[in-house]
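This briefing goes with the sequence and model shown below. Please read the points alongside the coordinates.

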Amino acid sequence: DDSFDWGEDERPDIPFNETVVYETHVKGMTALHPDVPEDQRGTYAGLAHPTVVKHLKRLGVTAVELMPVHQFTNDSYLQDKGLSNYWGYNTLGYFAPQNTYSSSGDHGEQVREFKQMVKDLHSAGLEVILDVVYNHTAEGNHMGPTLSFRGLDNRNYYHLVEGDERHYMDYTGTGNSLDLSHPMVLQLVMDSLRYWVEEMRVDGFRFDLATTLTRAEGEQGPDMMSGFLQVVRQDPVLRQVKLIAEPWDVGWAGYQVGNFPGLWSEWNGKYRDTVRDFWRGEPGTLAEFATRITGSADLYEDDNRTPRASVNFVTAHDGFTLRDLVSYNEKHNDANGEDNNDGESHNRSWNCGEEGPTEDAEVNRLRAQQQRNYLTTLM
């Protein structure tokens, strides 16, 4: 449907050095907002409501980063417990905006409403970045449901255990890992990315567990010269938008902070850990804090990368919220119906000395964090 009127819509094109990213959840942002009309709360329309936009502008935000809006589905084990996958890191459809975030209907209306949200945010000078999950799908491990990819071509869509192809290589902590080393899977992902840029006019992507996207078949480690990274580098559409990697996964050698190629920026996990240590008054942290706050040259300079490569953050959806970070020593996820067992348990960094967090420490942190496979909430 090409009838949507974009009018004079233009990308804000905020330079990276002026970018302030606000990560949010489409539903959670306005689900209880008293100034948003009730029928628009928790929707794309609600996110673009003038009251919300005014709030974001007052904060000094230049971009909203939306937690997954690709069509996703619930995990069967959550449904059995009367729970649902709230965050959305359980993608099923890479070309469709999540229908439950639409206030106007789900027979195509969600597409138009998403476009209108982007148009309204652009008119306020705000960029739209999508958190995208191309590292795994909602089909889970060998016990999971056959929904689409598994039934079409299981061997080529997924990384399988060599010699035991009934089981999946799990670099993500979710049961399966999408195999972007296969040409048709890579084409699927690239077509999806271009669709969201050209048709939906988003301004960039944050790639969940991006290290998985660089892995080839078998037990090989990450490859920073992988087909995925090479194709993205050469793509005339994707070169024009922001590309942000979450530069780790839970597989072997998964911690790749500082190693993605020049076109990319990265979530800087070492910045997060160092600032938290400094903030809490941990001894001996001043020198590394100085390194982090001035651009983390130790991570990027040897590859001729500038400070724009570092996305500096203190907290995000993984672990404590900012409010909890300055309020509690231990988590209080009591409303999730999981006896407070989900998520990271302690309000502390995983720094392991003056050299920053080791790969093992970061992987252990990720494994603990993903034991429950992502945040859940009561239906």
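Contact here means heavy atoms within 4.5 Å. Helices (H or I, at least four residues) and strands (E, at least two) are DSSP runs, numbered from the N terminus. Buried means under 20% relative accessible area, exposed over 50%, and partly exposed in between (1.4 Å probe, protein chains only). The model is predicted: local features need pLDDT of at least 70 and side-chain atom pairs count only at pLDDT 80 or more, while totals for chains, interfaces and linings use all residues. Residues are numbered from 1 along each chain as its sequence is written, and side-chain values use heavy atoms, with hydrogens and water left out.

**Confidence**

- Mean pLDDT (the predictor's confidence in each residue, from 0 to 100) is 90 for the chain, and 91% of the residues reach 70 or more.
- Residues 350–358 have pLDDT below 50, and this stretch has 21 contacts in the model beyond near neighbours in sequence.
- Residues 367–379 also stay under 50 in pLDDT; for this stretch the model has 45 contacts beyond four places in sequence.
- Where pLDDT is low, the predicted coordinates should not be read in detail.

**Helix α5**

- Helix α5 covers residues 109–123, and its 15 residues should span 21 Å at 1.5 Å a residue; the expected span is 1.5 Å times one less than the number of residues.
- The end C-alpha atoms of α5 are 21 Å apart, which agrees with that span.
- Buried residues in α5 are Gln-110, Glu-113, Phe-114, Lys-115, Met-117, Val-118, Leu-121 and His-122.
- These buried residues pack against helices α2 (44–47), α3 (50–59) and α7, and against strands β2 (63–66), β5 (91–97) and β6 (127–132).
- Gly-125 follows α5 and has a positive phi, near 85°.

**Nonpolar cores**

- A nonpolar core is a set of buried Ala, Val, Leu, Ile, Met, Phe, Trp, Tyr and Cys residues joined through side-chain atoms within 4.5 Å.
- The largest such core has 60 residues, of which Leu-66, Phe-114, Leu-130, Phe-205, Phe-207 and Phe-228 touch the most other members.
- Helix α7 (residues 183–198) gives the most to this core, with eight residues.
- Another core, of 14 residues, lies apart from it and includes Trp-248, Val-257, Tyr-300 and Val-311.
- Leaving out residues up to four places away in sequence, Phe-228 touches Leu-180, Leu-186, Val-189, Met-190, Leu-193, Phe-207, Leu-213 and Trp-264.

**Glu-23**

- Glu-23 sits in strand β1 (residues 21–24) and is partly exposed, at 23% relative accessible area.
- Beyond four places in sequence, Glu-23 touches Glu-65, Met-67, Asp-131, Trp-267, Ala-316 and His-317.
- The side chains of Glu-23 and His-317 are joined by a polar contact of 2.6 Å. A polar contact is a pair of N or O atoms within 3.5 Å; within protein, one must be able to donate a hydrogen and the other to accept it, and residues adjacent in sequence count only if both atoms are side-chain atoms.

**Loop residues**

- Ser-226, in the loop between β9 (204–207) and α8 (227–234), is buried at 5% relative accessible area.
- Apart from neighbours within four places in sequence, Ser-226 is in contact with Leu-213 and Thr-214.
- Ser-296 lies in the loop between α10 (286–293) and α11 (297–300); its phi is positive, near 55°, and it is buried at 0% relative accessibility.
- Asn-340 lies in the loop between α12 (322–325) and α13 (359–369); its phi is positive, near 65°, and it is partly exposed at 22% relative accessibility.
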